[in-house]
Amino acid sequence: MAHEKAIGKLTDSRLKMYYSMYQGFMLAMYLVLTTNNMGIMWVAMEGATLATVLLVSLYRTPESIEAAWKYFILCGVGIAQALFGTILLYYAAAQLGDSDGALLWSVLYANADKLNPDVLEIAFVFLLIGYGTKIGLVPLHNWLPDAHSEGPTPMSAVLSGLLLNDALYAVVRNKMLVDGATHSNIAGYLMMGFGMLSFLVAALFLHRQKDIKRLFSYSSIEHMGIMTFAFGMGGGMATFAALLHMTVHSLTKSAIFVTVGYASQIAGTQSIDKIHGLIKTQPKVGWGLLIGTIAIAGFPPFGVFTSEFLVLVATMHNYPWLAPLLLLGIGIAFAGLFRHVQPMTYGAKPETQQAVKANLWPVMIHLALVLWLGLSIPTFLANWFSQATLLISGSTPL
Amino acid sequence: MNIVEQDFYTQIILSMAALVGLTSFLMLGQGRLLRLIFVFALQGLLLTLTTALVAYSLDNPHLYISAVMTLALKVIFIPWMLRREVMQMNMHRDVEALSNKTALMLGGASLTVFSYYVLHPIVQTTSPAMLNALAVSLSVVLLGMLLMISHRQAIAHVVGFMSIENGLFFAAIVATNGMPMVVELGIAFDVLVAAVLFGIFFFHIRSSIDSLDVDKLNRLNEVDK
């Protein structure tokens with residue numbers, strides 16, 4: 001940020017707005033995670049959108065304003081669908097009597113089998129489309145690469161690491177209610193379809209990217225696709241894998257976006273074609289980017305490998321005919337990432353390129369945590385995930 | 001279902017639903033911005049009346065607060081803001097040429113039929129009158145989207161966005177007699193913030209591309225950039 005200010009992209013007042021909006025966004029995100037009221041969850045989700053809109057257009061370039069406008073309209077309309085779903089949910093719950101607690105998740109969950117299955121099926125379609133827009137599910141993903149590439153880099157990191165996860169969390173919460181009411185896996189099938197589609201489309205799009213931040217935002221869509229797919233598959237192992245994947249993806253992705261921010265400062269551009277020789281210019285940034293990419297592509301021994309492997313095993317177990325698609329997608333995504341990252345990190349250093357002052361401790365700590373999770377998951381974390389899995393899917397992981 | 005057989009309250013609610021649906025169609029075919037904003041304010045007024053009516057007939061005081069909030073936000077503040085914007089941009093004489101109005105109207109009509117089709121399973125759990133009200137509010141939501149697709153002015157997009165919100169609000173009022181108070185306050189707050197943000201955005205868009213035509217926001221795309 002200090003760098004941005006130095007080159008005249010930001011003024012003091014905008015920096016002030018940046019910090020206050022950032023805190024507002026964090027408040028809304030934590031509210032989504034902690035509230036028991038489905039209505040408040042929607043309000044907080046919408047609030048998070050509103051808080052980040054002005055952050056995306058922070059640099060006031062025509063591109064960033066376009067990105068912010070797209071983000072605003074698409075997410076606003078999308079999340080309106082989720083409100084319609086919430087209203088239907090409330091409508092179904094109000095028929096049981098007791099209208100005071102009718103939107104409290106704990107009450108709804110306890111009475112899930114009494115809710116009208118027809119109404120809840122319709123409600124879930126709206127909820128999935130609505131929150132799915134925020135997850136970045138294809139074909140509702142258009143805003144995501146734009147907002148990520150034009151906004152300030154710390155924004156991209158929290159959008160990828162937090163906002164997308166929160167939206168997925170909202171979907172999973174609703175799925176639990178719907179599953180309880182319909183006694184079928186209809187919600188799961190919908191999520192599997194959307195997740196698989198997003199995963200494959202994003203993996204292919206990785207090859208065509210020219211902007212480094214767009215590249216990694218497509219990688220986010222791809223990983224959110226895997227998670228949605230795994231949560232949709234249900235069952236102990238897939239749910240456990242999805243939770244683990246959520247954790248390691250957030251850690252890795254925020255590390256990558258921080259490194260990418262430094263990389264584009266070094267090269268003075270976000271265009272992939274113009275970034276060369278990062279390792280020669282500033283070894284720490286170059287290696288950070290390379291190792292981050294290795295981790296996100298799912299190389300052992302990093303945590304992403306563990307979770308992707310678990311998803312794959314669960315797929316082979318439950319839907320063997322989907323496993324080749326999953327493997328193919330992972331392969332395509334891997335190739336797409338490396339084809340762009342390799343020329344950026346290796347190669348000779350351009351003469352004009354200077355090292356910048358960079359604090360890479362957060363990156364190293366994040367990547368070390370991911371490595372640790374890949375080598376051995378600590379018992380308390382594993383227990384915690386197992387409990388969540390038991391709650392979500394009704395069975396234990398292994 | 002014969003409307004004469006229903007009680008008085010249901011009859012009025014159904015008429016209100018019909019009127020709200022009608023205003024959506026009016027907005028859809030409207031090329032003049034000022035008239036578009038006027039019809040939008042009218043829709044807000046209908047919503048206010050419906051809310052007040054439900055509050056009166058169910059003796060539910062917190063719905064009066066919702067009614068007042070709707071009046072203040074959607075009948076007065078947002079139309080006033082949009083109108084001021086149109087005047088400042090000197091666009092009040094422009095007529096937007098909508099391509100193929102007939103197809104647009106037919107599209108709107110089929111969206112309405114579609115929303116009846118989607119919500120039909122609900123009919124087992126409730127009265128046909130409720131199905132009508134819910135289906136109309138869903139079609140208002142869908143018509144708002146169609147409005148955003150078919151118009152090119154940013155102001156028309158905002159009107160479409162807010163009319164989607166109107167449709168949702170109508171569903172909440174009629175089907176469930178209003179959401180819990182705290183949720184409604186939250187939604188109203190979000191709408192207010194969104195309206196203010198739209199105001200800021202008009203300023204930014206105008207200063208960066210010198211127009212409010214969203215077709216000119218086309219720099220970011222996937223192919224040959």
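A:Pro301 sits in the loop between helix H13 (283-296) and helix H14 of chain A. Helices here are DSSP runs of H or I with at least four residues, strands are runs of E with at least two, and both are numbered from the N terminus. The peptide bond from A:Pro300 to A:Pro301 is cis, with omega near 5°. This is a predicted model, in which local features need pLDDT of at least 70 and side-chain atom pairs count only at pLDDT 80 or more, while totals for chains, interfaces and linings use all residues. Residues are numbered from 1 along each chain as its sequence is written, and chains are lettered from A and ligands numbered from 1 in the order in which they are written.

A cis bond also joins A:Val138 to A:Pro139, again with omega near 5°. A:Pro139 lies in the loop between helix H6 (117-135) and helix H7 (143-150) of chain A. Most peptide bonds are trans, and most residues other than glycine have a negative phi.

Two residues have a positive phi without being glycine. In chain A, A:Arg60 has phi near 60°. Its place is the loop between helix H3 (38-56) and helix H4 (62-94) of chain A. A:Arg60 has 15 C-beta neighbours inside 10 Å, so it counts as partly exposed. In chain B, B:Asp59 has a phi of about 55°. B:Asp59 belongs to the loop between helix H2 (33-58) and helix H3 (61-89) of chain B. With 7 other C-beta atoms within 10 Å, B:Asp59 is exposed. The cut-offs are these: buried means 20 or more other C-beta atoms within 10 Å of the residue's own, exposed means 12 or fewer, and partly exposed lies in between, with C-beta atoms placed from the backbone.

Now take chain A as a whole. It has 17 helices and 0 strands. Its radius of gyration, taken over C-alpha atoms, is 21 Å, close to the 21 Å that the globule rule gives for 398 residues, so chain A is as compact as a globular protein of that length. That rule is 2.2 Å times the number of residues to the power 0.38. Along its principal axes, the C-alpha trace spans about 70 × 45 × 35 Å. Of the 398 residues, 58% count as buried. Among contacts in chain A with a separation of 6 or more, 79% come from residues 24 or more positions apart. Two residues are in contact if their C-beta atoms, placed from the backbone, lie within 7 Å.

Return to H14. The axes of helix H11 (residues 236-267) and helix H14 (residues 303-318) of chain A come within 8 Å and cross at roughly 155°. That makes H11(A) roughly antiparallel to H14(A), a label for angles over 145 degrees. Axes are lines fitted to C-alpha atoms, for helices over the stretch in contact, and angles run from 0 to 180 degrees between N-to-C directions. Residues of H11(A) that meet H14(A) include A:Met237, A:Phe240 and A:Leu244. On the H14(A) side, A:Val304, A:Leu310 and A:Val311 are among them.

Finally, look at where the chains touch. The contact takes 36 residues from chain A and 38 residues from chain B. On the side of chain B that touches chain A, H7(B) gives the most, with 13 residues.

Key: Parallel < 35°, antiparallel > 145°, perpendicular 65-115°, else oblique.
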